[in-house]
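Reader: I'd like to learn how to read a model like this one, feature by feature. Can you walk me through it?

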Amino acid sequence: MANERTFLAWSRTALALVAAGLGIAQLLPPFPGVPAGRELLGIPLIILGAVLAIAAYADMMRNQRALRRDQPLPRSVLPRLLAGTIGGVAAVAAIVVLLSATR
């Protein structure tokens with residue numbers, strides 16, 4: 001059951017990323033002087049959410065196979081993927097905000 005709960009937690013995270021990306025791209029006011037600012041921030045989050053959902057399923061299946069074969073669980077790439085992408089989006093957000101503040 002823990003494997004399924006972990007999959008559901010990653011799925012919720014993926015859904016939250018897609019929702020945040022859509023909210024940023026569609027509802028956030030435009031950044032002055034950075035016409036594509038909303039898209040620069042929102043689209044990577046949407047893509048990360050899609051990739052995370054697919055990777056979470058693959059991770060769950062690998063773990064399920066290992067559990068059935070009484071083997072050690074494989075390492076997951078998901079935390080590094082999530083941390084790296086969110087760090088990149090945060091850096092882009094800081095740049096967009098700084099650029100719009102100077103205009």
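Reader: Which pattern does the protein follow along the sequence?

Author: Helices (H or I, at least four residues) and strands (E, at least two) are DSSP runs, numbered from the N terminus. Here the pattern reads α-α-α, with three helices and zero strands. Keep in mind that this is a predicted model: local features need pLDDT of at least 70, side-chain atom pairs count only at pLDDT 80 or more, and totals for chains, interfaces and linings use all residues. Residues are numbered from 1 along each chain as its sequence is written, and side-chain values use heavy atoms, with hydrogens and water left out.

Reader: What radius of gyration does the protein have, and what would a compact globule of 103 residues have?

Author: The radius is taken over C-alpha atoms, and the globule rule is 2.2 Å times the number of residues to the power 0.38. That rule puts a compact globule of 103 residues near 13 Å, but this protein has 17 Å. Look at the principal axes too: the C-alpha trace spans about 60 × 20 × 15 Å.

Reader: How do I check H2 against the expected span?

Author: Take 1.5 Å times one less than the number of residues in the helix. H2 covers residues 37-68, 32 residues in total, and its first and last C-alpha are 47 Å apart, close to the expected 46 Å. After H2 comes Asp 70, with a positive phi near 55°.

Reader: How much of the protein is buried?

Author: Buried means under 20% relative accessible area, exposed over 50%, and partly exposed in between (1.4 Å probe, protein chains only). Of the 103 residues, 26% are buried.

Reader: Is Asn 63 buried or exposed?

Author: Asn 63 sits in H2 and counts as buried because its relative accessibility is 13%. For its partners, contact means heavy atoms within 4.5 Å. Leaving out residues up to four places away in sequence, Asn 63 touches Asn 3, Leu 73 and Pro 74.

Reader: And where is Ser 100, and what does it contact?

Author: Ser 100 belongs to H3, residues 78-101. With a relative accessible area of 11%, Ser 100 is buried. Beyond its neighbours within four places in sequence, Ser 100 is in contact with Phe 31, Pro 32 and Val 34.

Reader: What share of the contacts joins residues 24 or more positions apart?

Author: Among contacts with a separation of 6 or more, that share is 71%.
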